[in-house]
Amino acid sequence: MQNSTARAARPLIEDVPSVRELLAQGTRYTDIWKSLGISKQRLDRIKKLIAEIDTTEPTAVELPAPAPKTPKMKTKTTKADIRERIASDELTVPFSNWLGHGWIREAGEPQEVYETDQDGEQRLIGVKLDPGVLWPEDWDGPKTTDGVWISPNVPAPKRSLQVGYILSGAQNKTPAHGPLVINMHALARARGYKYVEIGPFTYGKSLFIEKKKKDIVEVAPWSSMIADNITRSRRHLSPTIQACFEMNMRPTKANPLTGLNTYIRGKTSVFAHPKRAMVSVPRPQTSDPVTMWTTGACTVPNYVEMEAGLKAIQRHTIGFVIVEIDTEGRVFPRIVDADPETGNFHDLDLFVTAGSVYTIDEAIDISDGLVDRPFMPVGCTHRRGLHAPFARAIWGYGGNPEGDRPLIDVVRAKGQAVNDLTDGVSINHHEDKNPIALYKRHAKKNHLLEPELEEAARFIAETSRPWCKSYVVYSNHDDFVARWLQRPSTEISPENSKLWHLANWKWRDAIDKGDKFDIYEWLLREACPHANFELVNADTPLVHYGVHYEFHGDKGPNGARGSTVGLSRMGLKVTKAHSHSPGIHDDCMDLGNLIFRADYATGPSSWGNAWGLGHSDGNRQIGLLVGDKYRA
């Protein structure tokens, strides 16, 4: 403290030599005042004093001049340098998560990109790569659509078909799935479809903004195999259906159709997205059903291997949507999911593999047991309320569908599973406190349970086929009977009381004997002894080709109320009904119902009518019923 005070009192001229010497050595300003133990303000005053002395004394100390900068020589990049960089950069392009795992990429020669320099000369600045096509290493089919083949046994395109579309999706800068693209064109030729159209979606960099700096290796937006089929605008396929290919959706989006109800403005719509999804949209009951669909993809998976990307790889569906429009303008959409490893797929009665189209009978004969007939699940049937045209479409019940054969005969289904076989209108507990509903029940002569059970049991017998095993999936409306039998006898109407007492006695007798017994099954067999079926419930496995059909959908996990979303959380392939609204969420598919309208269902509705198939490769189809038809 005393030293600092002494320096502050000392004349500035005494510190000039020390400051001059340090400045001459190039010492930093901060280090000078610290080393001399003086304040910044005193150093500032000394520097001013030195400046004044330097202007009057020619021997003033000169500060060292900075060393002159050496100008950088601009080296000219040679074509060889560019090609060397291209060769190394091309190896780092992430074309697909599958590449190298039994898949090989084929692409055309890279297109060299030149620009004119300031001397007017063309200079190589990079290349543009074709994303190309991925093929399985053992692919032995055609690699162009010129090589597709259609069996002479494949039926000719239907005369009632006005126009047909195959709609798929493609990710930018990603190779095409070669087998699927070839097989899509083969099916289009066999079915007589005019259009194969592909909607785009981007991942990472957007197609809709310009890059500020070009990479030396640039990947073209689309594989040359599918570039001519890409459509980036909305396509109005008919007055009631549109392909919203202007919508650029993230391929990692977990629920791709969420938030789009109002966007479609009451019109059935198809969106390009690799995850399979389908939703039935609420609409006035006076309007036709409105649905939304995703296309699946004809490009291979190409994701960043982090959480969202890894989930997306599992949900990446190699497939497409078919839209058929008949001569009366009726629209029939359905999905097709392909085997991701081979690109093979089923569509109703046809099997497509390696660019060749076969009938299902031919495919079974030549496949050495790998191909079999499909399983046919059926939505909520409600026999008493069954819409007659839908029964004709699926079973030919009451007559064949218009200009066609029923679905069960076209595919020769090996089995069928019916949901909500009985409606339970005669004993509906929801109407017990409603005198008007009870009066309507009697006025329509729907108050007798025994005829309703006979009608349901006969229906199973009349829709059966020798080659098709029938299953009845125990459902909430079927359970109306058990609930009714547990009511007090004083609440039972006289006309149903005899059956109530008989069924209760039989139920209790089985309990006394320790027999395995289901009262609903017993009543159906009593009503029609020649009805051949097996009853299953949520605790009785019914699995075909890896898909569970035993869940009606009314019961969810841990006693919760059933829903499509709830059952999807099991992570198993499930085909259900119950909600009356067809849809797909993850691995859970809902088939809707086969009733046209119910008195109790008022106001806007998402109910819809659909058919379903479970094919031997584990993939499933769902399509809409319109009138008495399931296809154009």
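In which sense do strand 1 and strand 4 pair, and over how many bridges? In this predicted model, in which local features need pLDDT of at least 70, side-chain atom pairs count only at pLDDT 80 or more, and totals for chains, interfaces and linings use all residues, strand 1 and strand 4 (residues 133-136) pair in the antiparallel sense over 4 bridges. Residues are numbered from 1 along each chain as its sequence is written, and side-chain values use heavy atoms, with hydrogens and water left out.

Helices (H or I, at least four residues) and strands (E, at least two) are DSSP runs, numbered from the N terminus. Two strands pair if DSSP finds at least two bridges between them. Strands of a sheet pair through backbone hydrogen bonds, either parallel or antiparallel.

Strand 5 runs parallel to strand 19 (residues 356-359), and 2 bridges join them. Opposite W149 stands S356 in strand 19.

Strand 6 (residues 161-171) is mostly covered, with 10 of its 11 residues buried. Buried means under 20% relative accessible area, exposed means over 50%, and partly exposed lies in between (1.4 Å probe, protein chains only). Strand 6 pairs with strand 15 (residues 319-326) in the antiparallel sense over 6 bridges, and G164 stands opposite E324 in strand 15. With strand 8 (residues 195-201), strand 6 pairs in the parallel sense over 7 bridges; here S168 stands opposite I198.

A search of the whole structure finds 30 salt bridges. A salt bridge is a side-chain nitrogen of Lys or Arg within 4 Å of a carboxyl oxygen of Asp or Glu. One of them joins R191 to D347, with the closest N and O atoms 3.0 Å apart. R191 lies in helix 6 (residues 178-191) and D347 in strand 17, so this pair ties together parts that are 156 residues apart in sequence. Both R191 and D347 are buried. D347 also meets R334 in a salt bridge (2.8 Å, N to O). Because D347 is in strand 17 and R334 in strand 16 (residues 331-337), this pair ties together parts that are 13 residues apart in sequence. The relative accessible area is 0% for D347 and 1% for R334. R191, R334 and D347 are linked with E324 and D349 in a network of salt bridges.

Another salt bridge is formed by D404 and R631, whose closest N and O atoms are 2.8 Å apart. D404 lies in the loop between helix 9 (388-395) and helix 10 (407-411) and R631 in the segment after strand 30 (620-624), so the pair ties together parts that are 227 residues apart in sequence. D404 is buried, and R631 is buried too.

Helix 9 has 6 of its 8 residues buried, so it is largely enclosed by the rest of the structure. These buried residues are P389, F390, A391, A393, I394 and W395. They pack against strand 20 (375-380), helix 10, strand 21 (415-419) and helix 12. Helix 9 is followed by G396, which has a positive phi, near 70°.

The axes of helix 12 (residues 449-463) and helix 15 (residues 519-527) come within 8 Å and cross at roughly 80°. Helix 12 and helix 15 are therefore roughly perpendicular to each other (angles under 35 degrees count as roughly parallel, over 145 as roughly antiparallel, 65 to 115 as roughly perpendicular and the rest as oblique). Helix 12 contributes L453, E454, A456 and A457 to the contact, and helix 15 contributes Y520, L523, L524 and A527. By class, this contact has 7 nonpolar, no polar and 1 charged residues, where Ala, Val, Leu, Ile, Met, Phe, Trp, Tyr, Cys and Pro count as nonpolar, Asp, Glu, Lys and Arg as charged, and the others, Gly among them, as polar.

Note on methods:
Axes are lines fitted to C-alpha atoms, for helices over the stretch in contact, and angles run from 0 to 180 degrees between N-to-C directions. Contact means heavy atoms within 4.5 Å.
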